[in-house]
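Hello,

Here is the structure I said I would pass on. My notes on it follow below.

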Amino acid sequence: MKLVRKTLLLTAAAASIVIGTMGSAQADSFAQSILIIDNFRLLHSTGVPFNVTDFGTLTGTNDAHATAQLDGVFANGAQSFGILSGTNPDVPHQTVGAPNPALPENNFTPFPPPPPVPGTFGYADQNLTGSSITVGMAPAGALAQTRADASLAMNGSASGNSDVGTSTTFNFTLGVGDTMTVAFDGTPFTQAYVAAGAQPTTNANARLSWSIQIIDLTTGATVFTYAPNELNALSNVSRTDGMTGTTTYAPGTTAFSSTTPILNNVNTYQITIQHNTLANALQDVVAVPEPGTLAIFGFGLLGMSALSRRRKL
């Protein structure tokens, strides 16, 4: 009777180890990153937007892409259109995982607080409308929106990345020398969340980057760079298993502007606009065994206890 009781205790202990450890293998990490640039305009020194007719030459493209990733499986989308084509990039949302899709197309609203872990997926979306200069009867004012989300409710790695204009070729010469003022409204949002009790190496991070640069192609010199901290370094947020909880960066909408030196009407210039959102979530699948592995280990313990009982009987 004592041997039977001891065997039952060993069995119960083995089962509790399995169940308890399987529960601790759950991962909850989440990151989201959203950047909205609205009413983006290139202005004369008079404050009037540049018009197509103000340029001696004007060529270039608007390029955009969105990439989602979950455990090494990727979904990618990309588009590229001429800046005077009348068509702007609107890359279809990209998602890997479940729920699928995670959000409707062109939804740039953050997930509501407190931070959910709404599934296990990587997600990205992008949309660009309007133009930074006056084209025909259409007034100047571009709207560029991107988002990236990464969510893990189990072990793995997820990421989202979306951008617009990272490889823009916007070459021009002016009809008349003048300064150029970059003016727009920016609404940045980033958030990172890791659940309490997360396993080692669990982390979530989100960041933004936005900049504009003008290079004199005739001389090779960089004549203008603008990269406000509010849309770059200040937006970086992260959480880890050593610092669980939520970090949110949401300063609201801010008006931004910066003015170049005088650009002449002889040299050729190139504008590059870089606009990027990135979100990552990770739970180390090596550090914490998967539930299936734990179950096999548990059954091994159960088998060992039964074998010990037979030998003693």
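**Ser162 and its surroundings**

The side chains of Ser162 and Thr277 are in polar contact at 2.6 Å (a polar contact is a pair of N or O atoms within 3.5 Å; within protein, one must be able to donate a hydrogen and the other to accept it, and residues adjacent in sequence count only if both atoms are side-chain atoms). This is a predicted model, in which local features need pLDDT of at least 70 and side-chain atom pairs count only at pLDDT 80 or more, while totals for chains, interfaces and linings use all residues. Residues are numbered from 1 along each chain as its sequence is written, and side-chain values use heavy atoms, with hydrogens and water left out.

Ser162 belongs to strand S7 (residues 156-164); strands (E, at least two residues) and helices (H or I, at least four) are DSSP runs, numbered from the N terminus. A polar atom of the Ser162 side chain also lies 3.3 Å from the backbone oxygen of Asp125. With a relative accessibility of 0%, Ser162 counts as buried (under 20% relative accessible area; exposed is over 50%, partly exposed in between; 1.4 Å probe, protein chains only). Leaving aside residues up to four places away in sequence, Ser162 touches, among others, His65, Ala124, Arg147 and His275 (contact means heavy atoms within 4.5 Å).

**Overall**

The protein has two helices and 15 strands. Of its 313 residues, 45% count as buried. Among contacts with a separation of 6 or more, 77% are between residues 24 or more positions apart.

**Cores and aromatic pairs**

The largest nonpolar core has 30 residues, and Phe40, Phe172 and Trp210 have the most contacts inside it (such a core is a set of buried Ala, Val, Leu, Ile, Met, Phe, Trp, Tyr and Cys residues joined through side-chain atoms within 4.5 Å). Elements giving two or more residues to this core include strand S1 (29-43), strand S8 (169-174) and strand S15 (269-283).

Phe55 and Phe172 are edge-to-face, because their ring centres are 5.5 Å apart and their planes are at 80°. This pair joins strand S2 to strand S8 across 117 residues. Phe55 is buried at 9%, and Phe172 at 0%.

Regards

Key. Rings of Phe, Tyr and Trp (its six-membered ring) pair if their centres lie within 6.5 Å; planes under 30 degrees apart count as stacked, over 60 as edge-to-face and the rest as tilted.
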